[in-house]
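Visitor: I have a model open and would like to know what lies behind the words used for it. Could you walk me through it?

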Amino acid sequence: MRLHLPIVGDFFRYFTIIRTFVGFEFALLVLLNLASAIVESIGILLFIPFLAQLAPTPANPSNHAHGLFSSFVASWNISIGATLGLLVLVFVLKGVLLFFLIAYRETLLNRTRQKTRDGLIALYSDLDYRYAVQQSSGFYGNLVVAETDRAGLAMEEFCHVVSALITASIFFSIAVFLYSSLSVFMLLGVGLSFVLLRKLSARARLYSIRITSLSGRLNKGLIQTLQAFKYAKATARFSPLRLQLAKISAGTRQTRNKLALVNAALVAVQEPVLVICLACVFYYAVIIGRSHIALVMVAVLFFYRCMIEMGHFNRHWQWLSSYAGALEQVWTVVWEMKQHREGQDGEASADFEDKIELRDVSYVYEVRPILQQINIRICKNTSIAIVGASGAGKTTLVDLLTGVLKPTQGTVYLDNKDLCDVNLFHYRRSIGYVEQETLVFDDTIANNISMQWDQSADPETSARIRQAARSSYCDEFIERLPLGYDTVVGERGVKLSGGQRQRLAIARELFKEPKILILDEATSSLDSQSETYIQQSIERLRGSLTIIIISHRLSTIRNVDYVYVLEQGHIIEQGTFADLSRLPGSAFRQMCELQRVVSS
Ligand SMILES: Nc1ncnc2c1ncn2[C@@H]1O[C@H](COP(=O)(O)OP(=O)(O)OP(=O)(O)O)[C@@H](O)[C@H]1O
Ligand SMILES: [Mg+2]
């Protein structure tokens with residue numbers, strides 16, 4: 001028959017998890033605990049000579065501990081006053097140790113919380129793009145902010161559990177040594193509380209896991225609702241969103257209530273168990289065993305302290321169980337994130353001296369082919385355009401160029417080196433990318449352009465910010481704002497128009513002074529006038545950096561060196577703008593005619 005010890009199993013599982021977060025400094029905590037318990041034991045033992053002098057009745061000589069007790073008392077020739085002084089000294093020492101123990105524990109746990117949070121953020125930024133887009137940002141938000149804190153509480157509870165176990169074991173051993181027959185009652189008490197604890201902690205853990213999952217869902221729903229604010233308001237569609245959140249919120253409340261009941265049951269049951277055991281001990285020791293009161297008192301004191309520590313163990317174990325869901329979630333996610341790291345550490349240097357090439361590149365999302373047999377060559381300091389219908393695969397092509405997606409077949413080369421072998425971090429530092437969905441931070445315009453939060457006021461940085469703003473035709477609207485470059489643009493740039501947001505995003509990339517500039521529908525929201533200005537700016541950059549433009553508006557790409565036309569993942573045409581637009585019957589010519597870029 002296999003022995004099933006769920007608490008022991010869980011203890012070692014939590015220990016393994018917490019050790020990886022806290023590190024070996026955990027050992028110092030254990031040592032401090034041990035020292036504090038030993039010092040307290042010495043203090044309690046000092047009560048023996050003190051009580052024996054108060055009630056010097058002869059002990060029951062048949063008991064082994066009584067023999068030791070008598071010789072200890074006989075050899076103790078320090079006065080009551082001095083004994084009491086020593087006792088106070090020992091407890092002062094215990095207080096000092098306790099201070100260091102608590103201070104060290106809290107500092108260590110705070111550091112661990114911060115390390116875990118920073119680690120999660122670092123791991124998130126290292127994630128493989130394909131894996132990252134499948135995850136919910138609400139889930140990660142909840143994990144980093146709330147669950148990391150709950151996991152920290154679980155670690156704190158675990159420290160209390162270990163502390164209670166160490167102290168209880170020491171007190172138990174001394175009590176058994178002093179009065180071995182008491183151990184029967186102790187084991188009875190410990191056994192009884194374990195049975196209760198086992199049932200209650202299993203429930204608590206279950207509720208905790210449920211709360212963690214509900215918090216993640218609530219956060220996800222909340223983020224979606226906040227992002228949909230304008231739409232939901234304008235179309236009176238807040239009710240279904242609110243209803244969904246209210247349901248999750250109610251579920252969380254119910255689960256929390258159940259968890260509170262389980263915790264309350266444990267606290268309520270603990271004291272009666274302790275009192276029953278103590279009553280048995282006293283009855284047995286004083287009435288049946290007729291032992292010396294000093295020995296009984298000290299043994300019972302150890303017994304009592306042991307039971308109190310077991311009570312602490314129970315209570316903290318219960319709380320640990322109610323935070324365990326968060327601890328296990330954080331642990332699992334950290335593990336999963338490590339499995340899905342991008343691996344940016346290619347050895348080859350990547351200065352982009354010559355060209356980027358896609359050779360026979362195909363890309364498949366799940367089972368759906370998105371790009372097939374793509375061959376593209378982009379020479380340094382030239383400009384190319386990628387055009388095609390919506391869903392043709394243009395953004396996916398850019399993702400392959402930046403290395404966030406890896407080709408399913410074929411190879412992307414950077415200066416004849418496979419991009420998989422190139423240090424991606426180094427390579428990407430030379431890329432400027434205005435995404436199709438404009439990225440704007442809820443910060444000042446200056447910080448949005450520089451992304452150097454603490455240096456935007458620096459005169460040199462400030463001059464570069466203004467230069468980038470002029471080149472992207474931003475200065476026109478920035479200077480009309482009362483706070484100019486210090487204007488906070490609101491969440492996702494809500495205080496700016498669509499076109500202003502796009503120009504701000506272009507300014508950010510120009511500030512970066514990249515070697516490769518990717519513009520994915522970067523001017524789609526601009527009026528013709530602004531677009532012409534930006535085009536002129538980009539025109540000025542031609543020859544000094546490599547430009548990749550994706551645009552539905554063909555007027556934007558009139559001046560590029562080379563055009564690729566994508567259709568359902570295939571390159572169907574390529575050539576200069578002039579050649580393609582003149583090619584009779586070409587898809588590009590038809591697109592130009594539709595947009596009246598060339599006359600039919
Ligand atoms: N994360 C994803 N998972 C699965 N399929 C995706 C994913 N991202 C894009 N796709 C699919 O890949 C195809 C190409 O998408 P892509 O964004 O490259 O098109 P596009 O040419 O940029 O279109 P648009 O002009 O509308 O921006 C689409 O059919 C799209 O549904
Ligand atoms: Mg796109």
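Guide: Gladly! This is a predicted model, and its protein chain is divided into domain 1 (7-339) and domain 2 (352-430 + 520-527 + 548-600).

Visitor: How far apart do the C-alpha centres of domain 1 and domain 2 lie?

Guide: Those two C-alpha centres are 60 Å apart.

Visitor: How do you know that strand β3 pairs with strand β8?

Guide: Pairing asks for at least two bridges between the strands. Strand β3 (residues 383-388) and strand β8 (residues 546-550) are joined by 4 bridges, so by that cut-off they pair. They run parallel, and I386 stands opposite I550 in β8.

Visitor: Which sheet do they belong to, and what makes β6 and β10 its edge strands?

Guide: It is an open sheet of 6 strands in the order β6-β7-β8-β3-β9-β10, with mixed pairing. Both β6 (431-434) and β10 (570-575) pair on one side only, which makes them the edges. Neighbouring strands here are turned by 15 degrees against each other on average, direction ignored.

Visitor: What lies across β6 and β7?

Guide: Helix α17 (residues 498-512) does, running at about 175 degrees to β6.

Visitor: Why are β1 and β2 called a pair?

Guide: At least two bridges are needed, and 8 bridges join β1 (residues 355-365) to β2, running antiparallel; therefore they qualify.

Technical notes
Residues are numbered from 1 along each chain as its sequence is written. Chains are lettered from A and ligands numbered from 1 in the order in which they are written. This is a predicted model: local features need pLDDT of at least 70, side-chain atom pairs count only at pLDDT 80 or more; totals for chains, interfaces and linings use all residues. Domain bounds come from an automatic or database domain assignment. Helices (H or I, at least four residues) and strands (E, at least two) are DSSP runs, numbered from the N terminus. Axes are lines fitted to C-alpha atoms, for helices over the stretch in contact, and angles run from 0 to 180 degrees between N-to-C directions. Two residues are in contact if their C-beta atoms, placed from the backbone, lie within 7 Å.
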